[in-house]
Amino acid sequence: MKRSNAPIFWSLFGAGGVLSALLAPVLVYITGVAVPTGAGMPPDALAYSRVLAFAQSLHGKAFLFAVIALFLWHAAHRIYHCLHDFGVHPGTATKVVLYGTAFAGSAAAAWLLLAIGL
Amino acid sequence: MSPRNPYVRPMDGWWRRNPYYVRYMLMEATSVIVAIYALILLVGLWRLSQGQMQYDAWLAALRQPPAIGLHVLMLLAMIYHAYTWWKVLPKTLPLLHVGGKPVPGLLLSAAGWTATLAVSVVVYAAVRWCGI
Amino acid sequence: MPDTGKTIEIEVLRYRPEQDTEPVLQSYQVPFTDDMSVLQGLQYIKDYLDGTVSFRWSCRMAICGSCGMMVNGKPELSCKTFLRDYYPGKLRVEALAHLPIERDLVVSVGDFVKKLESVKPYIIPKETRSLDDGEYLQTPAQLAQYEQFSSCINCLLCYAACPQFGMNPSFTGPAALALLHRYNADSRDGGQAERMELVNSEEGVWSCTLVGYCSEVCPKGVDPARAINMNKTSSAIDYFLRFVLPKGAAK
């Protein structure tokens, strides 16, 4: 019986799931609702200088990378299984597209965070 | 004795036949929103790397009413994701016993929901008052 | 014959391989009293209305696991489900979902039996013992680790609940994997490594997407979803540490 390689993707899915369960609601609220509407947030809460300083810090880079990468890996794995549940039988091509996007997104985030510097 | 001819019923539309399955599919579908939001953040990061003008354009785009509307829907989806994630997580844990009695899954879920609330308060406070 | 004046309509999904190309619903008017189970309703049909209706049953007290069927689209034990809860509505009774129908409410279970055999459902001793070693000793805490998983009555409601099994019948499935865990978790057993090959495969725990409906419908509180998903963690650990840990160290 062939050993499944699912553990790799399942572990990433799990890590991304925990991170998104903890952070996604508040992040979506802040970046998508509170700051754009100004409700309860000062207008400069996400100002360029502030966010740049955050992205330049080591803890900021770690946070942004973890959020973007793990959210994408979590989604790729779940969407793959969701397609199967809908009766679409995703093959290797779909796997490459989904997990490939997660990989590409993670790589892009890493590259951008390096480019932004310290 | 009549010959056997076992009948296999089709699985098409299986998830529509039971509200339990519909809730499961909704839970799984929240992953699409997780991906969309991660991509929005990635675009923001890209704009940030390009400079003040491009970054401010990204912020301006988020201020458009359709963008705000989308994020309200995404917020609801993310709350449902957090709720279902912690509800389901105890199933992945080994059986825990304290003082001879089993630790109920609901207690572990409650710890998860509390963690989400606590992290949300901390992050909100950090952005609101401490300038990240 | 019950004499209450109350009648409930029971629709039964009929399938006779010698004459039907596909299953068809047939309706019966069944007089009933409040204490009657769905099984008793079916027995009334067979005894007084239509002797050709076929269904499995035995203990009529939710311990033998024979009478599983779909009642209004949900997997139930017919002896444990009551007509009064559906009255005055209609009752639709069908063979357990996701399993091939042999005849009427009777499903094929041979494949399931093979799956039970495949999990090595017996104590594989850690070391050879003789009678002089005496009996195994086990604390209540050790018993608690596997007791609920030993309660399975093989009723197949969990297979009827599991859409992953429905879409992929090669999935070992909830009851068989819960039984596997029952032995892995038993302090007397030393066979974890032997069972890992099945656990680690796609047909093992990795076909499960934690729909969780199996545990919802289980009449005995086995919680097969827990059994399977606990083993995803051990399978993942086994996967990542297999080159580091000596063979047989995985639990």
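Two residues are in contact here if their C-beta atoms, placed from the backbone, lie within 7 Å. By that rule, and leaving aside neighbours within four places in sequence, A:Ala34 is in contact with A:Tyr29, A:Ala39, A:Gly40 and A:Met41. This is a predicted model, in which local features need pLDDT of at least 70, side-chain atom pairs count only at pLDDT 80 or more, and totals for chains, interfaces and linings use all residues. Residues are numbered from 1 along each chain as its sequence is written, while chains are lettered from A and ligands numbered from 1 in the order in which they are written.

**Confidence**

For the complex, the predictor gives an ipTM of 0.94 and a pTM of 0.93. Chain C has a mean pLDDT of 94, and 96% of its residues reach 70 or more; pLDDT is the predictor's confidence in each residue, from 0 to 100. Where pLDDT is low, the predicted coordinates should not be read in detail.

Let us start with A:Ala34, which has its place in helix H1 of chain A. Helices (H or I, at least four residues) and strands (E, at least two) are DSSP runs, numbered from the N terminus. A residue is buried if 20 or more other C-beta atoms lie within 10 Å of its own, exposed if 12 or fewer, and partly exposed in between, with C-beta atoms placed from the backbone. A:Ala34 counts as buried because it has 20 C-beta neighbours inside 10 Å. Its C-alpha atom is separated by 33 Å from that of A:His81, 47 residues along the chain.

Where chains A and B meet, 43 residues of chain A are in contact with 47 residues of chain B. On the chain A side, the elements that give two or more residues are helix H1 (6-37), helix H2 (48-56), helix H3 (58-85) and helix H4 (92-116). H1(A) provides the largest share of that side, 16 residues. By type, the residues on the side of chain A that touches chain B divide into 32 nonpolar, 8 polar and 3 charged. In this count, Ala, Val, Leu, Ile, Met, Phe, Trp, Tyr, Cys and Pro are nonpolar, Asp, Glu, Lys and Arg are charged, and the others, Gly among them, are polar.

H3(A) has 28 residues and reaches 40 Å from its first C-alpha to its last, close to the 40 Å expected at 1.5 Å a residue. That expected span is 1.5 Å times one less than the number of residues in the helix. H3(A) is followed by A:Gly87, whose phi is positive, near 95°.

**Chain C and its sheet**

Chain C comes to 9 helices and 7 strands. Its C-alpha atoms fill a box of roughly 70 × 40 × 30 Å, taken along the principal axes. Of its 251 residues, 43% count as buried. Among contacts in chain C between residues at least 6 apart in sequence, 67% join residues at least 24 apart.

An open sheet of 5 strands in chain C has the order S2-S1-S5-S3-S4, with mixed pairing; two strands pair if DSSP finds at least two bridges between them. Strand S2 (24-31) and strand S4 (74-77) of chain C stand at the edges with a single partner strand each, so one side of each is left without a neighbour in the sheet. From one strand to the next, the twist averages 35°.

Helix H1 (residues 38-49) of chain C packs on this sheet, touching strand S1 (7-14), S2, S3 and S5, and its direction makes about 95° with that of S2(C). Axes are lines fitted to C-alpha atoms, for helices over the stretch in contact, and angles run from 0 to 180 degrees between N-to-C directions.

Strand S3 (residues 68-71) of chain C pairs in the antiparallel sense with strand S5 (residues 91-94) over 2 bridges, and with S4(C), also antiparallel, over 4 bridges. C:Val71 has C:Val93 as its bridge partner in S5(C) and stands opposite C:Lys74 in S4(C). S3(C) and S4(C) form a hairpin with 2 residues between them.

**Backbone details in chain C**

Most residues other than glycine have a negative phi, and most peptide bonds are trans.

| Residue | Phi |
|---|---|
| C:Asn72 | about 50° |
| C:Arg60 | about 50° |
| C:His98 | about 70° |

C:Arg60 has its place in the loop between H1 and S3 of chain C and is partly exposed, with 17 other C-beta atoms within 10 Å. C:His98 lies in the loop between S5 and strand S6 (101-103) of chain C and is buried, with 24 other C-beta atoms within 10 Å. A cis peptide bond, with omega about 0°, joins C:Tyr87 and C:Pro88; C:Pro88 lies in the loop between S4 and S5 of chain C.
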